[in-house]
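Trainee: I would like to learn how to read a few features of a structure. Please take them one at a time.

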Amino acid sequence: MVVLLGGAEILFTLRAPLPVVLHIGMQGLAGYLVPTVMVLCGLLILFNPAQRLFYSIMALLASLASWVTSNLGGFLFGMLWGVIGACLTFGWVPDQPLRRGRARREERREERRARHGKAAGPAGA
């Protein structure tokens, strides 16, 4: 989501009034292509999380490329949002079943809680 917002912010700054826009680098096709790639990566991360590592690397590269192609990366904000979002996506792990060792530990904890709960109930009555 953060990558999507970063790309949208860069696209928005490309449409800023002329006195506000800094003309740095290529303002042609690359100026619109890089933030569009960021927006697409943001959408694909949301709707296809199985491929999140590839999309996060592509979003990171596009965010860094926006420094040169798109008004200093959308006046730094869009580039920073894209980089932060790509890093968060790279470290994100969707819900997964517990591994065998952790599942066993959880079962043992539940058994202990059940034993202590049953033993304490009748003794206190």
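Mentor: Begin with exposure: buried means under 20% relative accessible area, exposed over 50%, and partly exposed in between (1.4 Å probe, protein chains only). R109, at a relative accessible area of 36%, is partly exposed. This is a predicted model, in which local features need pLDDT of at least 70 and side-chain atom pairs count only at pLDDT 80 or more, while totals for chains, interfaces and linings use all residues. Residues are numbered from 1 along each chain as its sequence is written, and side-chain values use heavy atoms, with hydrogens and water left out.

Trainee: How many salt bridges does the structure hold?

Mentor: Side chains of opposite charge can pair when their charged atoms come close. A salt bridge is a side-chain nitrogen of Lys or Arg within 4 Å of a carboxyl oxygen of Asp or Glu. The structure holds 2. One joins R109 and E106 (2.9 Å, N to O), and another joins R113 and E110 (3.0 Å, N to O).

Trainee: Where do R109 and E106 lie?

Mentor: Helices are DSSP runs (H or I, at least four residues), numbered from the N terminus. Both residues lie in helix α6 (residues 100-124), 3 residues apart, about one turn of the helix. E106 is partly exposed at 25%. R113, at 53% relative accessibility, counts as exposed, and E110, at 43%, as partly exposed.

Trainee: Which residues of α5 are buried?

Mentor: In α5 these are G78, M79, G82, G85, A86 and T89. They cover an arc of only 135° around the axis (taken from the directions from the helix axis to the C-beta atoms), so they sit on the same side of α5. The face turned away from that buried side carries the exposed residues F77, L88 and G91.

Note on methods
Helices (H or I, at least four residues) and strands (E, at least two) are DSSP runs, numbered from the N terminus.
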